[in-house]
Amino acid sequence: MNVEEEIQKLEEEIHRLGSLQPDGSYKVTFGVLFNDDRCANIFEALVGTLRAAKKRKIVAFPGELLLQGVHDKVEITLRPSPPPPQAAVAAATTS
C-alpha cells in the first residue's frame, strides 16, 4: 500500500471512529485510533501515516509526533473535504 492509499484508509477510519463536528470535520483521539484492532491491522506505521496526512493538510493535531500513552488524549481532526468542483460551480452560479 502506498502513502496515498494509507491516507485514504486513515480518513475512512477517522470517519468510522471519530465524531462529526458542526463544521463538517471529524475528531478522534490518538488513543482511540492507536488501540483500535482494525487500525492495528491496516496500518504498519500509524504515526508515519498521520505525519504524512498532516503534511498534506488532511488532518491536524498539535506537535509533530504522537506517542502511545503520552499522547492518547490528543485530538486528531480530519478536515472537512472541499466540495466537489460541480457543487462549487453550481453554488457560484446560483449566488
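**View 1. Gly63 in its loop.** Gly63 sits in the loop that runs between strand S3 and strand S4. Helices here are DSSP runs of H or I with at least four residues, strands are runs of E with at least two, and both are numbered from the N terminus. With a relative accessibility of 45%, Gly63 counts as partly exposed. On this scale, buried means under 20% relative accessible area, exposed means over 50%, and partly exposed is what lies in between (1.4 Å probe, protein chains only). Along the chain, Gly63 and Val74 are 11 residues apart, and their C-alpha atoms are separated by 9.8 Å. A word on the source: this is a predicted model, where local features need pLDDT of at least 70 and side-chain atom pairs count only at pLDDT 80 or more, while totals for chains, interfaces and linings use all residues. Residues are numbered from 1 along each chain as its sequence is written, and side-chain values use heavy atoms, with hydrogens and water left out.

**View 2. The whole protein, for orientation.** You'll find five helices and four strands in the protein. Going along the sequence, they come in the pattern α-β-β-α-α-α-β-β-α. The protein has 95 residues, and 28% of them count as buried. Now for contacts, meaning heavy atoms within 4.5 Å. Take those between residues at least 6 apart in sequence: 48% of them join residues at least 24 apart.

**View 3. Strand S2 and its two partners.** Strands pair if DSSP finds at least two bridges between them. S2 covers residues 26–29, and two bridges tie it to strand S1 (residues 19–20), with the two running antiparallel. Look for Ser19 here: its bridge partner in S2 is Lys27. The hairpin of S1 and S2 has five residues between the strands, and in it Gly24 takes a positive phi near 95°. S2 also pairs with strand S4 (residues 75–78), again antiparallel, through four bridges. As for the faces of S2, Tyr26 and Val28 make up the covered one, while Lys27 and Thr29 are on the uncovered one.

**View 4. The buried side of helix H4.** Helix H4 spans residues 46–55, and its buried residues are Leu46, Thr49, Leu50, Ala52 and Ala53. Seen down the axis of H4, these buried residues fall within an arc of 160°, so they line one face of the helix. That arc is taken from the directions from the helix axis to the C-beta atoms. What covers them? Helix H1 (3–17), helix H2 (30–35), strand S3 (59–60) and S4 are included in the cover.

**View 5. Thr49 up close.** Zoom in on Thr49, which has its place in helix H4. Thr49 has a relative accessible area of 5%, so it counts as buried. Setting aside residues up to four places away in sequence, Thr49 touches Glu6, Ile7, Leu10 and Phe43.

View 6. Lys57 lies in the loop between H4 and S3. Its phi is near 60°, a positive value in a residue other than glycine. Is Lys57 buried or exposed? With 60% relative accessibility, Lys57 counts as exposed.

View 7. The structure holds one aromatic pair. The ring centres of Phe30 and Phe34 are 5.5 Å apart and the planes are at 45°, so this pair is tilted. For the record, rings of Phe, Tyr and Trp (its six-membered ring) pair if their centres lie within 6.5 Å; planes under 30 degrees apart count as stacked, over 60 as edge-to-face and the rest as tilted. Both residues belong to helix H2, four residues apart, or about one turn of the helix. Phe30 counts as buried at 0% relative accessibility, whereas Phe34 is partly exposed at 31%.

**View 8. Asp36 between two helices.** Asp36 is in the loop between H2 and helix H3 (37–42). With a relative accessible area of 15%, Asp36 is buried. A polar atom of its side chain lies 3.2 Å from the backbone nitrogen of Arg38. Leaving out neighbours within four places in sequence, Asp36 is in contact with Glu13, Arg16 and Leu17.

How values were computed
Polar contact = N/O pair within 3.5 Å; in protein donor to acceptor, adjacent residues only side chain to side chain.
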